[in-house]
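Reader: Could we go through the structure shown here, beginning with the strand pairing?

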Amino acid sequence: MIANLGFGALVLTFIVSLYGIGAAFYGVRQNKPAWVDSARNGMLLTFPLLTLSALSIIVLLVTDHYEVAYVASVTSRSMPMYLKVTALWGGQAGSLIFWSWLMAVFASAVTLRKWERDREFLPWVIVVSLITLAFFLALNIFIENPFNRLWQFPSGQVIEKMFQPAGSTLFYPRDGQGLNPLLRHPGMIIHPPMLYLGFVSFVIPYAFAIAALVTGRTDDRWIRLTRRWTLWAWMFLSLGLVLGGRWAYDVLGWGGYWGWDPVEIAAFMPWLTGTAFLHSVIIQEKRGMLKQWNMVLIILTYSLVIFGTFLTRSGVLSSVHAFAQSAIGPLFFAFIGLTFVASLSLLLHRWNDLKAKAEMTSMLSREALFLFNNLLFIGILVVSFWGVIFPLISELFIGQKVTVGPPFYERANGPLMAGLLLLMAVAPLSAWGHSTIKTLGRAVWKPAVVAVAVVVAVIASGITNPYALIGIFLTALVIAVTLYEYWRGAMARGRRHGENFFVALWELIKRNRRRYGGYIIHLSMAMLAIGIIGIEMFQSETQDTLSQGETLTLGEYAMTYDSLAVFDAPDGRNVARAVVSVSKDGKPVGELYPRRDFFYDSQQPMTIPAVRSTLEDDFYVLLVDWEEISTSSATFKVYHNPLVKWMWLGSWLFIFGTLVAAWPEKERDLAPVRTRAAASVKA
Amino acid sequence: MEETISQTGSSNRMKFILGGALIVAAVIYLIVSSTQASAQYFLTIDEIVTKGDEILDRDLRISGAVVGDSIEYERESLTLSFTVAHVSGDNDELEAEGGLAKALHDAVTDPNRSRLPVVYEGPMPDLLQNEAQAIMTGRLGTDGVFYADELLLKCPTKYEEALPEQVSNP
């Protein structure tokens, strides 16, 4: 039977993982390479075994095996095939399996590549990866088993168990519960896997960091080896966050994309430490500083990744994301606590080996600005963490649960994010080692003039909100500085090599992909900032009940209610679809079709906004209600969201920027660099 | 340029400590002031009913079970009104009651629970239904009605309850 097969594979993976941990540990301690090789084979074995287990679930899902409790809870007969497949991560048990499977994929990928080169680290990488894997497998096997079946006793009572309890028979529900219709959106289907890809791939740099601590090989080798891993991890995590925002914008119908919900913050926190890490490792590579700090950041990121997986799966905090309450909470906390304490004690043990060789001398040097960038990221992390746990703290100290909402995060994080924008604008122009106001001023004044010109133009167009103006100035400065850097670099190269501008630009980027890819990501962040400033500070809304032919206006837009049709769709929905025609400045710009779907199986309605999206603004229409039968009138809620499209465009750009920065280079930069001196010559 | 180079290591360190301390102080200031500016007291319906007047002008965040029969929607003005019944705000207590779904069900069916009328202006939320958990922020009016600015809804899956209706053995 498929469920037994899947469960068997799961248990076997768990045993193999435990064996691998022991064998790698024993092999490296007793200096017996055969044992380490055996552990490596064990690690490679986890991938096919978990693939088998995950495939078993998928087969059960698509073949409507509702006697399996998980299948019954996340699918139903009316769901299309692709939703049944992706229901693998539609619930807690399945998404934990999916997590483990990704872990096995990445762990295998690490061991398959360059085993000889990284021989000293890899036994410990195996130990760390397999401990993480074993933890998640244990959760699946002992607590959240996706293969549990439903058993019925003669009394009629139905229980969930893996194996048949005495006196019971297998219970077959006629249909499953189905996936919550709110989650049936492309953004929601790829959002969890992206987030998980990001989460899990951060385990690899962490594993190498621990390996470096254990082996005492505390130079920057572990960072160089995992540099691209970290970039990919960062990209997937960023993409997961953006897709979640896109889903909220398209589906939740409040005209927003981010609500500072605890679950969103849970995914945002490892992103913050991960982004800080990406920046500060550069300082270690170039200047040999911040070694201890980098260790702290990667350890924090790992803990936050596990914490994030836990928060998105437990329901300890009230949140728009509905989750099942489950028994895995205390285990997660125990695991996070243990790994955190163990990692920190290892770090303290090596603390002196990680002392910086050089000292920072100038407050405006590149490395100092990177350090301030790190402090700001950590500041945002502390603010966000405080917001999430404040109800618990306040209950502890004043006996009263006090919560903080989005205004708290916006008010406290806003200035810190502005500070990050400022650093993003200034830091690329500052020199390594030493910079002064004078040198920095000389470099920055031209882009600054452009940014001031942009602000003057914006003021002339009638915008006076000071916060918006500060934001616009900083964003314009980032863009101007970044483009100026490309221009300056390409011109200099062109002169040196006699190349024309475009050839020089191409060669420039090709030869410094990490740097110029990073600048592309900076540009994408500026685009994100444009979208955020637009929607946060200039969103307007209105609502009205219109008879057929009547018109409402919002800013330059006018919208006329034409008609409404109610019909049944083949996939178990009842659809009410309105037709409205929209004009801007008196010119017609087309029809929109806001609708309300009603899902018969889950008895739940779902409001689907219609959006006209341009670079300038989004016109976002919700169908709120309508006159039954006659459809002579309908009520609409309408949002005007300026510039929000820049956010989605910006996310395409950061994918591109990451590709540029992370695309495999010739191996020169990975050749073993044993001494500090050799590395600084390169820098 | 020279003036910075010539400085001694310790005064340099002082500058960095000062710079770092400034950022740390800024973060602390932002956290403290923003917490004060946006704190919302999380109360249960029982607590609201017993505290009454003393919480009139405070920002509140409350949670309750939606009573399905009470839902009314005035679509001309997008005014939504409904009643919520008391549920515990404590996860452990909810677990003791047999889980969130059960606690919400009991709250709605028990006529002796304290209840609170709520008014909210905006589109009818998709998840608003009988025995949903409503988490709202807003203020209590002098008329004893809770005026919500924000309304979040949670619908726990009623998995076990739904099963007996579907008994069959293929």
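Author: Strand β5 (residues 402-404) of chain A pairs with β1(B) in the antiparallel sense over three bridges. Helices (H or I, at least four residues) and strands (E, at least two) are DSSP runs, numbered from the N terminus; two strands pair if DSSP finds at least two bridges between them. This is a predicted model, in which local features need pLDDT of at least 70 and side-chain atom pairs count only at pLDDT 80 or more, while totals for chains, interfaces and linings use all residues. Residues are numbered from 1 along each chain as its sequence is written, and chains are lettered from A and ligands numbered from 1 in the order in which they are written.

Reader: Which residue is the bridge partner of Val404(A) in β1(B)?

Author: That partner is Ala39(B).

Reader: Changing topic: what is the strand order in the open sheet of chain A?

Author: The four strands run β6-β15-β14-β13, with antiparallel pairing. β6 (540-547) and β13 (610-613) of chain A are at the edges with a single partner strand each, so one side of each has no neighbour in the sheet.

Reader: How many bridges join β13(A) and β14?

Author: Four, in the antiparallel sense, with β14 of chain A spanning residues 617-626. Ala610(A) lies opposite Val621(A) of β14(A).
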